[in-house]
Amino acid sequence: MPELRSRLQVDLPGERRPRRLRSSPALRRLVRETRLDPAQLVAPLFVVSGRERREEISSLKGHSRWSPDLALAEARRLARLGVGGVLLFGIPDAKDAEGSGAAAAGGPVPETLRKLREAKLPLVSIADVCLCEYTDHGHCGVLRGGEVDNDATLPLLAEAALAYAEAGADVVAPSAMMDGQVAALRSALDAAGHLDTAIMAYASKHASGFYGPFREAAGSTPGVGDRKAYQMDSANGREALLEMELDAGEGADLLMVKPAITSLDLLALARQRFDLPLAAYQVSGEAAMIEAAAERGWIDRRTVVLESLTAIVRAGAQVVMTYFAADVATWLREDR
Ligand SMILES: [Zn+2]
């Protein structure tokens, strides 16, 4: 071995020593390609009716279902931290076959939106638009003969979006994966004079095992069957790009992929193909895996949260929905 060590001459041209730029924290910081900013993060908020009502969500550590007054307090905290926006999901007191609660002007989402509008926080208010939290069968659309009826669902989604726009939503985010849902929302919003309400389309939404903890949080597990007849097969990438193209053509202002961890390739491809802002949803199961492993001491929570979000942004997302928004905003402040 000593002979080999003395004989081995590796010829490294001077300009090919990438380690030079890794040699100190200051150098690494200087040449870092991807930086996170709290302004690009959106915190999901689950809202319920009532006052001073807070129910912890066991499957989503650190998250609760809030009544509108407490949701406003939480939004104030997020705004102080510099978080970019909140994404509202409503959990109604009663459900029915048509999910009529989704469009109820007195529901927890419109009530929270009105409070946010009054408070004038420097925070973008985004309302998720779907029926699954509001239907007694848990599907994202209305059922006809046991199947989700696409075209019968569109007006119901549009009515919900209209209720949220009227209550002050800056952005509505259709997530039902019905064909034509972006066009339906855009035309309903425009007809009612809500020309400035933006649409963030859940454009590429795969059927996924990573949604488990959310369904507990929102009480939206389908009673019968699954969502594979409307959410995409996670094996399909070209179909995801087609969905994005269709949503862009229907008037989407932002395109979202979901889950994030399984869509990094799609973000990179979409970044090349579309000039619209791209968003990604780091979903409940992604957060739960990190929390569970960190709890066992197997990974360092802060390191892995920042690494995963940085990878999502590096892949092409400029907006990220994440359950870690408040934590990350706090850490980024500390690091400054
Ligand atoms: Zn849904």
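Trainee: How do the residues of the lining of the second largest pocket divide into nonpolar, polar and charged?

Mentor: Please keep in mind that this is a predicted model. Rolling a probe the size of a water molecule over the atoms shows where empty space is left. In the case of the second largest pocket, the lining divides into 7 nonpolar, 5 polar and 4 charged residues. The space in this pocket comes to about 300 Å³. It is lined by 16 residues, and Glu147, Val148, Asp226, Ala229 and Tyr230 are the closest to its centre.

Trainee: How much space lies in the largest pocket, and which residues lie nearest its centre?

Mentor: The largest pocket holds about 460 Å³ of space. Its lining consists of 13 residues, with Arg32, Arg35, Leu36, Leu332 and Asp335 nearest the centre. Two elements, α11 (301-315) and α12 (325-335), each give two or more residues to this lining. Helix α11 provides the largest share, 3 residues. By class, the lining has 7 charged, 4 nonpolar and 2 polar residues.

Trainee: How many cavities of 30 Å³ or more are there?

Mentor: A cavity differs from a pocket in that the probe fits inside but cannot get out. The count here is 1 cavity of 30 Å³ or more. The largest cavity has a volume of about 150 Å³. Among the 16 residues that line it, Cys132, Lys205, Phe214, Arg227 and Lys258 lie nearest its centre. Its lining has 6 nonpolar, 4 polar and 6 charged residues.

Trainee: Cys132 was named there. Is Cys132 buried or exposed?

Mentor: A residue counts as buried when its relative accessible area is under 20%. Cys132 has a relative accessible area of 6%, and is therefore buried. Cys130, at 2%, is likewise buried. As for disulfides, the structure holds 0.

Trainee: Which residues touch the most other members of the largest nonpolar core?

Mentor: A core is read by following buried nonpolar residues that are joined through their side chains. The largest nonpolar core has 110 residues, and those that touch the most other members are Phe46, Tyr164, Tyr281 and Val328. Helix α5 (residues 150-167) gives the largest share of this core, 10 residues.

Trainee: With which residues is Val328 in contact, leaving aside its neighbours within four places in sequence?

Mentor: Val328 is in contact with Leu36, Leu41, Val305, Leu306 and Leu309 once those neighbours are left aside.

Definitions and conventions:
Residues numbered from 1 in each chain as written. Predicted model: local features only at pLDDT ≥ 70, side-chain atom pairs only at ≥ 80, totals over all residues. Heavy atoms only, no water. 1 Å grid on protein atoms, 1.4 Å probe; cavity = no way out; pocket = protein on both sides within 12 Å on 5 of 7 lines; lining within 4 Å. Points joined across faces, edges and corners; volume = space filled by probe spheres on them. Helix = DSSP H or I, 4+ residues; strand = E, 2+ residues; numbered from the N terminus. Nonpolar A, V, L, I, M, F, W, Y, C, P; charged D, E, K, R; others polar. Disulfide = S-S within 2.5 Å. Buried < 20%, exposed > 50% of the residue type's maximum accessible area, 1.4 Å probe, protein only. Core = buried A, V, L, I, M, F, W, Y, C linked by side-chain atoms within 4.5 Å. Contact = heavy atoms within 4.5 Å.
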